[in-house]
Amino acid sequence: MILSAQSPVPWFDDFVGVAYRYYDLRMNVVPLFSDRKTATNLWHDSLRWWLDHSIKIRFVEIGDDYWFIMGADSQHPQENLSFYKVLPQSENYERFKNGHGGEAYLRLGIYAEKFLKDVKKDAMCNCGHAAEDHDKNDNDACLYEVCNCKKFNSFQVNLLKQKKTITNIEFLDESNVKDDSLAWNCMNANKFSKSK
Ligand SMILES: [Zn+2]
Ligand SMILES: [Zn+2]
């Protein structure tokens, strides 16, 4: 098989989601993995060969969801991948949209879910109350009467150190997708071709 720069880059969506975090004074875009080895391998094989100035991220809002779409030119085109994921619009997404200022770091993150037995007493639950305010004799439910949290649960994101700088970030809607080659290719490959 002959591979050239013209070969279509495969689409990859086997990750958990995307986190948006302030870190190192800049917003970070963090594709999340539940397994460290998968993330480090992916960085090693594909992402580290990306040319920073060629990295593009596109966000296409459709209804309450958005498509996260990311691609770049690579020094090793045969190992290259483009990323996409359909995700619900969230507060963190909105914060990134309003706050990125045209630049961000790209890092991979390891997502770990934590339960009451795993954490210190001041760890925060997703309900906004600390671990010590949850009752391990009552199924780890929150003790605050006003809170409807039935079980302590929090998640922790560990960022890999390696990073890339992204300076090409655009927010689109369905009507202007066709003017953007990366978003258009993604929608063609993953949406239009699969809908009936
Ligand atoms: Zn809770
Ligand atoms: Zn609570």
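This short talk walks through a zinc site and one aspartate in the structure above.

Before I start, please keep in mind that this is a predicted model, in which local features need pLDDT of at least 70 and side-chain atom pairs count only at pLDDT 80 or more, while totals for chains, interfaces and linings use all residues. Residues are numbered from 1 along each chain as its sequence is written, chains are lettered from A and ligands numbered from 1 in the order in which they are written, and side-chain values use heavy atoms, with hydrogens and water left out.

Let me begin with the zinc ion (ligand 1), which is coordinated by Cys125 (SG), Cys127 (SG), His134 (NE2) and Cys149 (SG) at 2.1 to 2.4 Å; donors here are N, O and S atoms within 2.8 Å of the metal (3.2 Å for Na, K and Ca), and since water is not among the atoms, sites may look incomplete. The angles among the 4 donor atoms run from 100 to 117 degrees, and the site is tetrahedral, a term that requires all angles of four donors to lie between 85 and 135 degrees. Cys127 also coordinates the zinc ion (ligand 2), which is 3.8 Å from the zinc ion (ligand 1).

Turning to accessibility, His134 is buried at 7%, whereas Cys127 is partly exposed at 27%, where buried means under 20% relative accessible area, exposed over 50% and partly exposed in between (1.4 Å probe, protein chains only).

Finally, Asp180 is also buried, with 8% relative accessibility, and this residue touches Arg58, Glu170 and Leu172, leaving aside residues up to four places away in sequence, with contact meaning heavy atoms within 4.5 Å.

Key. Four donors count as tetrahedral if all angles lie between 85 and 135 degrees; four count as square planar and six as octahedral if opposite donors are over 155 degrees apart and all others between 65 and 115; anything else is irregular.
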